[in-house]
Amino acid sequence: ILVIVGHGHCISHLTLSFIYSFHMPLFFIIAGYFYHERGIKESVRKDFRRLMIPYFVFAALAAMKFSVSKGILQGDIQAVIDCITAMCWMSATGHHSLLFSDIPTVGIIWFLPTLFVCKNLYNILLRRVTNDRHKLMLVCILTSIAGVAGDILVNLPFGILTGCGALVFYMAGNMLKTYKPTNAILAIGVGIWLACIFTSHLFMGNNEYGCYPLDVIGAVAATILMVRLSDKIGKSRVGEYLAWMGRNSMVVLCMHFVTILVDPNTRLGVKDVFTWNLVDFMFIIPMTLVCTKMSLTRRIFMIR
């Protein structure tokens, strides 16, 4: 829900800071919490099927859409080339690096190859490094290098640097299965998170952090807080509907991507933030429901 709202129109700077301070780290932290060690080949095979097949399907849809709307109807071949380049490079927006910063963005589905890289790299590290302290040091080094390299040197393809940058959140989620923070520690973390909302910024798509250690601590604390809040909401009738969106979050993400491609709000001339989000959800929820019922899309998203 926050991903959709965060991509809306006329969102205030404070609202964006609040959303981006934790909403993407939350995905990686929760994914790390449910991590199970697997063989490298098995892990790559399963995650490619679960993450990369949907990526290529919907990236191809974007390429076809631009081929028709820009290439055939408007004769803008460069727009088609840019779309195919973005599909192959798998990059998010907002890069400022010396090399390849001008590569077109693939849009919000950058998350899928990034999670693929992050999960499998972590699986390899866990099998090679058994000491928890050494593992933590290695992950912190990798994420720091990825952040500096991505911001200054080069925007690498295939979600490599963003996947490395996400390792710290993925590992945090995995550690939370064993290490439960006390309420006092969580309160300190939440305080850091609130301070980061007003004074820092975090954008995982290009490894951009205002104050890296504090942003990470704040995002982890915010995730724990949101999980506890969700646990309470989940016991209500509203929670049942939200849980449905949670179970189908991959489908929701891809339907949001389709909605961005179609852009109904611009076509309808919507200007205010409330109507913009309302229209988005009016498209996304029915399309998600349809995808959970159709045999083809159920196979694409591996819905049992």
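Guide: A helix axis here is a line fitted to C-alpha atoms over the stretch in contact, and angles run from 0 to 180 degrees between N-to-C directions. The model is predicted. In it, the axes of α10 (residues 183-199) and α11 (residues 212-233) come within 7 Å and cross at roughly 115 degrees. The crossing of α10 past α11 is left-handed.

Visitor: What makes α10 and α11 meet, and which residues do so?

Guide: Contact means heavy atoms within 4.5 Å. On the α10 side, the residues include L186, V190 and W193; on the α11 side, I217, A221 and L225 are among them. The contact divides into 12 nonpolar, three polar and two charged residues.

Visitor: Why is α7 called roughly antiparallel to α9?

Guide: Look at the angle. Helix α7 (residues 132-153) and helix α9 (residues 167-175) cross at roughly 150 degrees, with axes within 9 Å. Angles over 145 count as roughly antiparallel. So α7 is roughly antiparallel to α9.

Visitor: Which α9 residues meet α7, and how is the contact divided by class?

Guide: L167, V168 and M171 in α9 meet D132, K135, L136, V139, L142 and T143 in α7. Six residues are nonpolar, one is polar and two are charged. Asp and Lys count as charged, so D132 and K135 are the charged two.

Visitor: How do you know how many cavities there are?

Guide: A search of the whole structure finds one of 30 Å³ or more. The largest cavity has a volume of about 90 Å³.

Visitor: What lines the largest cavity?

Guide: There are 17 lining residues, with H95, N155, L156, T162 and G205 nearest the centre. Helix α8 (residues 160-165) gives the largest share, three residues. The lining has seven nonpolar, 10 polar and no charged residues.

Technical notes. Residues numbered from 1 in each chain as written. Predicted model: local features only at pLDDT ≥ 70, side-chain atom pairs only at ≥ 80, totals over all residues. Heavy atoms only, no water. Helix = DSSP H or I, 4+ residues; strand = E, 2+ residues; numbered from the N terminus. Parallel < 35°, antiparallel > 145°, perpendicular 65-115°, else oblique. 1 Å grid on protein atoms, 1.4 Å probe; cavity = no way out; pocket = protein on both sides within 12 Å on 5 of 7 lines; lining within 4 Å. Points joined across faces, edges and corners; volume = space filled by probe spheres on them. Left-handed = near helix turned anticlockwise from the far one by under 90°.
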